[in-house]
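Here is a briefing on one structure. It covers a helix, a chain interface and a domain interface.

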Amino acid sequence: MDLDFTEEQDMLRTSARDFLTTECPKTLVRELEESEKGYSPEIWRKMAELGWMGLVIPEEYGGMEMEFMDLVVLLEEMGRNIIPGPFFSTVVLGALPILAAGSEEQKKELLPKIAEGEAILTMALTEPTATYEAGGVKLKAAAEGDSFVLNGTKLFVENAHIADYMICVARTKDGADPEDGITLFLVEGGSPGITVEVVPTIALDKQCEVVFKDVRVPKKNVLGELDKGWPIVQRTLEQATTAKCAEMIGGAQAALDMTVDYAKERVQYGRPIGSFQAIQFDLADMWMKVDMGKNIVYEAVWSVSEGLPSTEKVAMAKGWANEAYKFVAERGVQIHGAIGTTRDHDIGLYFRRAWASDLVFGNTEFQREVVARQLGL
Amino acid sequence: MDFSFTEEEERFRQEVRSFLKKEITDEFLRDFEERGEFDFCPEFTKKLANKGWLAMAWPKEYGGGGATIMEQLIFSEEAAYYGAPTGAYRQGINLIGPAIISHGTEEQKKRFLPPITRGDVVWCQGFSEPNAGSDLASLQCRAVEDGDDFVITGQKVWTTNAHRADWCHVLTRTDPEAPKHRGISYFLVDMKSPGIEVRPLINMLASHDFNEVFFDGVRVPRENMLGEKNQGWYVSQTTLMGERSGIAFPTMCKRLLERLVEYVKETKRNGEPLAHDPRVRQKLAEAAVEIEVNRMIAYRVAWMQHKGLLPMVEAPSSKLMGSELWKSLTALALEIMGLYGQLQLGSKFAPLRGLIARTHMYSLGITIAMGTSEIMKNIIAIRGLGLPRG
C-alpha cells in the first residue's frame, strides 16, 4: 500500500498549477466561455509544447507515454483552475478510444496530430434520448458500397463546433440486445451533411447539437470492429468518468479554499463569519466531502490503470464526486452571501461546472443504479 | 499510488480470517447474546492473547507482537467483519495501554502492560463527569496530595464496564488554581480500593454498560500517577489519539449491508421483492458508496500513522463519518424492515435475532462517545481549516 503520489507526479502538479494560474486567470476563463470557439489557441499551442495532449500517448506516436494516474494529476489541476477548451474531449474522448481500438494506420494518422495539438477531437455519443446506455443510440449508419451513410441527431456533444474529428457512435444493426450492433466512426469535422449548433448550457461548455443528414464516411474510418463498438464505448466511459471525477475534485477543492478564505476575511457582527459555528460546521462538512472524494477517486483511477474490474469503483467515485462538488459549490455560494450569486464572482464558475460535471457520464441516480446491480440487487 | 496489500499482508489476512471463522461461530455469538452480552467477552480476549494477537502492534519489549500498523489495520478490519467482541479489551489495548507505553515509568510499564497483553485485566475510563462532557478539561474530581498518596474525591459518569473492571484510569484535578488544562493529573486506580462505589446507568434498551463511579476519599499511591503532576491532560491527549483509523465502522456497515441485500432479495412487499423497489436500490447503493468512502479514509489514517504522521484532521473525520454512517445505515435497515425492524432478541419474529433494533439503539451513543460529531467538526474547522474560534 502506498497512498502517496510520486515525486514526479508532485512536480507535474506544481508545474501544471503554475502554468494554469499564469496563463488562464479567471478573467480569461470568463472571456473564453463567452467566446465563440470556447478556447484559446495560444494556450492550446503552449499545452502541446508541454506535451500535455500526448501525455498518455505512446512515444512511437509522438507522446510522452506516461500513466493514467499522471493524466489524472493534470486533470485535477485543470479542474481546480478551470481551463475552458477541448483538452478533455480531445484526449479522453478522442485519443484514448483510438489508442484502444484504432488500426495501426488510424493511430499513425491521428495520434501524432493529437500529441502536437494539431487536432481537436470529441465523441458524439449521446442523443436526444439523453442516456448513456446503449439503448439511447439510434443514429443509423447504413453500408453503401465502400462507405457508410450516417443519419440521425447527436446532442450534448462537447466541442463538436471546433472538432477536426468526431468519433460518432452509430447503430449498424438492430437486434434484441441494444449493446449489439453499434459501430464507431471517425468522422471529419465539416463533412458534407453535418450541421452543428452550440446549445446554451449553464456552464457555457460548448455542448452541441449535431445533425447528420446522409453523411458519407469511408469504410476505413470505422474504429474497431463492425457492430462490436459498444465495449469500446464502455471502456472509454469508464476512463472518462474517472477522469471527470479528478477534474471535479480539483474544482471542489478550489471552491472550498475560496470559501474558507472568505469566511476568515468577511466580518459581520464585529467578527469574521468563520468564527460562527454554523459556518464552521458547513466548512467542515465541505472539507470532508472533498478530502474523502480524493481517496475514492484515486482508488478508482488506480483500479482502472491496473486493468482490474472497476465498474463498481468508478460508479462509486462518480456518485460521490457528483454530490460532493454540488454540495461544496452550493454551500460556497451560500457562505459568500449575495456576491456569490453574481456573474463576476469566481464561486459561480465552480457552481455551474459542478452541475455540468454531475450530469455528464451519468448523474448520481444513474451511478447508484450501477452500484445496486453490482451489489446483486 | 498503490491500493493493494503485499503478499505477506494478504497471507496474514487469510490467517486472521481462518482464526475468526473458527472462533466466532454462530453458536458462539448466540451463546453470549443469550447472556445479555453483546460486546463483553473475556473468553474471546483470552483466545486472542493466546494467539499473540491481543497487543499485536505494541512493541515486543512490552509483550506486544511488534506488528505494523497495516497488520493491525487488517486484523481490526477482519475482527469487525466477523463481529468479534472487543469490549473487554478495547480500553486496555487501544487507550490506556498506549498511554502507559508513551508516558509510563519503567516500573509502571512492567506492572501494568503484561496483564493487558495477556487479557487478564479489564480497564474502565474515569474521564467524563456530570459537568464535564465535551468540555472535559473543566473536570472537578479532586486529587489531594497526602504523604505518599493522593486522595481522590469526586464523581465520574458514563464509565463503561466500571462494574466489571479491575482498574480505572482517572483524570483528576490536582491544582484548582491553575488554568484548567494545567491542573490535571492522571491516575491508575485499583477498582478494589476502599471508597469506590459503582452505580449502574441503564440505557434505552434496558442494558447495563454505563455507570456512575463515586470516589470517596480513595487513596492512590503516588507511583500510580501516570506522567507528571498537573501534566495529566497532555498524557490523556495521547490516550485519545490511540488506534484511530476507525476501520471498524465501515466494516460493520459492510457486513450489515450484505445482510440487508440478502434481506431485500428474499422479502416481498405487495408481491414484489424489495430488491426491485428503486428507492431501496438507490438507498442501498448510496450506503455502499459511503461505506467505501469511509473505508478509504480509515486506510488513509492508518497510512499516515504508518508513516509516523499525526492524522490530526483525518482521524476525527474518519470517526465522524463512521459513527454517523453506522447510525444512518442501522436506521435505514429499520426503515426497510418496517414493523419487523423494531423487534428485539427474544421474539421469534425478530429478523436477524433482533440485530437491527439493538444496533440502531446502540448507535445513538456512538456519535456522542469518544468526541461528539459536533466536536469532531470543530476540530476539522479550527485545527484543520484554521478558522478562528468563536
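In α7(A), 26 of the 36 residues are buried, so this helix is largely enclosed by the rest of the structure. Buried means that 20 or more other C-beta atoms, placed from the backbone, lie within 10 Å of the residue's own. This is a predicted model: local features need pLDDT of at least 70, side-chain atom pairs count only at pLDDT 80 or more, and totals for chains, interfaces and linings use all residues. Residues are numbered from 1 along each chain as its sequence is written, while chains are lettered from A and ligands numbered from 1 in the order in which they are written.

**Helix α7 of chain A**
- α7(A) covers residues 230-265 and spans 52 Å from its first C-alpha to its last, close to the 52 Å expected at 1.5 Å a residue.
- The expected span is 1.5 Å times one less than the number of residues.
- Helices are DSSP runs (H or I, at least four residues), numbered from the N terminus.

**Chain B against chain A**
- Contacts join 35 residues of chain B to 38 residues of chain A.
- Contact means C-beta atoms, placed from the backbone, within 7 Å.
- On the chain B side, α8 (248-266), α9 (278-306), α10 (314-337) and α12 (373-384) each supply at least two residues.
- α9(B) gives the most, with 13 residues.

**Domains of chain A**
- The assignment, automatic or from a database, gives domain 1 (7-119), domain 2 (122-227) and domain 3 (231-375).
- The C-alpha centres of domains 1 and 2 of chain A lie 23 Å apart.
- 15 residues of domain 1 of chain A are in contact with 14 of domain 2 of chain A.
- α5(A) gives the most to the domain 1 side, with six residues.

Note on methods:
Two residues are in contact if their C-beta atoms, placed from the backbone, lie within 7 Å. A residue is buried if 20 or more other C-beta atoms lie within 10 Å of its own, exposed if 12 or fewer, and partly exposed in between; C-beta atoms are placed from the backbone.
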